[in-house]
Amino acid sequence: HFDVLVVGAGSAGSAIASRLSEDATCRVGLIEAGHMPADPDIADPLKWTQIQGRDYDWAYRTTPQPFTANRVHEWPRGKVVGGSSCLHAMAYVRGHPDDFVPWEKAGGARWSYEGLLPYFKRSEAFAAFPAASRGNTGPLDVILPEEAVSPIARAYMAAGNALGAPKISDHNTSPLNGTTPNSLNIRDGRRLSVADAYLTPEVLARRNLTLLNGYEIERIEFNGTRAAGVLAVVDRIAERVSADRVVLCAGAISSPLILMRSGIGDPEALRSAGIHCHIESREVGANLQDHLLALGNVYRSKKPVPPSRLQHSESLMYLHSKDVTRAYGSPDIVLGCVVAPSAAEGLEAPAYGSAYTILCGVTHPTSRGRILPGGPTRSDTPIIDPHYLETEYDRLTFRTALKIAREVGHHSALAEWRDVEIQPGPAAHTDAALDDFIARAASTHHHPCGTCRMGGDDNAVVDPSLRVKGLENVFVVDASIIPQIPSGPINAAVVAIAESWAASAPSLA
Ligand code: FAD
C-alpha cells in the first residue's frame, strides 16, 4: 500500500516520484510498464531516430489521415524507465510566454508562464550564461553547444538572418523568434532522460520510494468515487496495488486510455468499446493536438555533409510567417535544419552524407483529434485519430511555412552547400503541388498532448489542481493535461507541470 501511486515513469512520472519521495514520510510507488534502459544506443544522441521501433517503444499508429494522403503515421513512445524522454530528440524549448495564456485562462495564474517560471527554473541546470529567468541548480542539464553546431546549420541561420529573422541567444531566455542553435538535454555527450536526471541511484535508494517496473496497468479500481488502487499485469499475472492517491503520468496516449478502461469517459465511446461507464466525462481522449513537420525540403549537397556532432536536428527557427523580422509574440511557424537527408516514408531519400534538409511546420495547429480505446483491455489496439491538417488554417499556414523554408534553402548564404533541391523539387511551384507535397511529407514532430484537458469548465477532464473531475483521489499529471499545445517541443513544459504539481501535492487531500 502506498500513500501515492505514480503510474508511468516517463518525463512527468520520474520528476513527480523524485520530488514526492523527498518527504521521507510519504510512501511513493512508481509503476512502469517498461524496464530500466538496457540498450546503450538510447544514450547516444546521434541514434535517436534509429532506436524507434525497438522493444521499448509502444510503437503506436494513427488511423489513415485523409489530409495527409491517407497515410498512417507511426507514433513512437517510450516504454521504459524515462518514457518518451528516452526516445526524444533532446531539444529543450519552454515555449513562448504567450503560449501559456490559454493555460492561464483554463486554470488560473498558476498555469501562466510567470506561474510556471519557478518550476522551469527548479527543473533545469543551465550554465551557458547567467540569466534571472534560468535555473542552474536543477537536475535537468540544458546545454547550448554552439561550438559543435554544423557549418550547414550555421549557413542556414545566416540565411534566416539575411531574410530578416532576428538572432536570439537561445530558445528559453527571451524572445523565441529568430535563429539560434538548439538547447539540448545532453550531459557529457550522452542523452539525459528525465529519469537519468531525477531518478538517480541515490533517489532510487530511498526507502520510501518503490519502483515497480514491468507492471502494466490495466485499469484503476474504485470504491464509488475513490480509487482503491490499480490492477496491473506483471509477467502475465494480475496484481492489485493499493494507494491513497493515484497519479496518472502515463502520457497523452495512455493516460486517457487508462481512464477510459476504468470507465471514465464518454458513455457512447465507452459502450462502443465494450466498457461500462462509471463516471461520465465526455472529453477524455478528445482535444488531441500534435505538431507536424514536413520531412522535408531536401537539398543535395555540393560537398560531403560533415556528420552531426549533436543530434542531427541542430537548429529550430521560430518565425512569424507574415513578417519574419518580428521579434515579439508567439510564432506561427517553425523551420528546422537537419544535417542529414530527412524524408517521409515513400519520398526519395538520398544517401546519408550527400544531402541536408530544411524542415517546416505550424506551431499552433487548430485541428483537434481524438483517442479512443479499441476495446476493454490494454491489449486492444487504440484508435488514434489526430485529424491532421483538417483545418484550412493549418493547411494554408503549412504552405506558407514551406515557402519560407525554400526561401531560406535557396538563399545565397547556403550557396557553398546547395547543389539542387531534391524535395519537393524544382517542378513543385504551384500551390497545389506544394499542398500535395505537404500531404505526403508531413510527419509527427512527436508532441501529442491535450487528451485529458485541464480547465475550470464542466467538460474539462481535470480541474486546475489536475484532479480528475468526478473522482476524489485520482490526478493526471503529464502531457495530457495541456489545454493548448505550446509553440515548441513540449518536454520542458511537461517537466514544469510535474514540478508544479509535486510542489502543491502535500496540500491536496
Ligand atoms: P511519457 O514520457 O511518454 O511517459 C509515460 C510513461 O508511462 C512511459 O514510461 C510508459 O511506458 C508508461 N506507461 C504508459 N502506459 C502504461 C501502463 N498502462 N502501465 C504502466 N506504465 C505505462 N520533446 C521535446 O521537448 N524535445 C524533443 O526533442 C522531443 N523529441 C521527441 C522525439 C520523439 C521520437 C518522441 C517520441 C518524443 C519527443 N518529444 C520531444 C516529446 C517528449 O518526449 C514527450 O512529450 C514527453 O516525454 C511526454 O512526457 P509524459 O510524461 O507525458 O509521457
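**Entry 1: Ser 281**

I find Ser 281 in the loop between strand S14 (279–280) and strand S15 (292–301). Helices (H or I, at least four residues) and strands (E, at least two) are DSSP runs, numbered from the N terminus. I am working on a predicted model, in which local features need pLDDT of at least 70, side-chain atom pairs count only at pLDDT 80 or more, and totals for chains, interfaces and linings use all residues. Residues are numbered from 1 along each chain as its sequence is written, and side-chain values use heavy atoms, with hydrogens and water left out.

Is Ser 281 buried or exposed? Ser 281 counts as buried, because its relative accessibility is 7%. Buried means under 20% relative accessible area, exposed over 50%, and partly exposed in between (1.4 Å probe, protein chains only). Leaving aside neighbours within four places in sequence, I list Ile 264, Gly 265, Asp 266 and Val 461 as the contacts of Ser 281; contact means heavy atoms within 4.5 Å. I also looked up Leu 259, which is 22 residues from Ser 281 along the chain, with 9.7 Å between the C-alpha atoms.

**Entry 2: Glu 218**

Glu 218 sits in strand S10 (residues 216–223). With a relative accessible area of 11%, Glu 218 is buried. What does the side chain of Glu 218 reach? It comes to 2.7 Å from the backbone nitrogen of Arg 378. I count a polar contact as a pair of N or O atoms within 3.5 Å; within protein, one must be able to donate a hydrogen and the other to accept it, and residues adjacent in sequence count only if both atoms are side-chain atoms. Not counting residues up to four places away in sequence, Glu 218 touches Leu 231, Ala 232, Val 233, Arg 261, Pro 376, Thr 377 and Arg 378.

**Entry 3: helix H4**

I checked the length of helix H4 (residues 151–162). Its 12 residues should span 16 Å at 1.5 Å a residue, and the end C-alpha atoms are 16 Å apart, which agrees. The expected span is 1.5 Å times one less than the number of residues. At the start of H4, a side-chain oxygen of Ser 150 comes to within 3.0 Å of the backbone nitrogen of Ile 152. Just after H4, Gly 164 has a positive phi of about 110 degrees.

The buried residues of H4 are Ile 152, Ala 153, Ala 155, Tyr 156, Met 157, Ala 159 and Gly 160. Their cover includes strands S16 (313–319), S17 (333–338) and S18 (355–362), and helix H9 (392–409).

**Entry 4: second largest cavity**

Which residues line the second largest cavity? I noted Gly 160, Leu 163, Ala 165, Met 317, Leu 319, Val 324, Ile 404 and Val 408. A cavity is a set of points on a 1 Å grid over the protein atoms alone where a 1.4 Å probe fits but cannot get out, and lining residues have an atom within 4 Å of a point. S16 and H9 each supply at least two residues of this lining.

**Entry 5: Leu 466**

Leu 466 lies in the loop between strand S22 (442–444) and strand S23 (474–476). Its relative accessibility is 0%, so Leu 466 counts as buried. Among the residues that Leu 466 touches are Trp 111, Met 454, Phe 475, Ile 497 and Trp 501.

How values were computed
1 Å grid on protein atoms, 1.4 Å probe; cavity = no way out; pocket = protein on both sides within 12 Å on 5 of 7 lines; lining within 4 Å.
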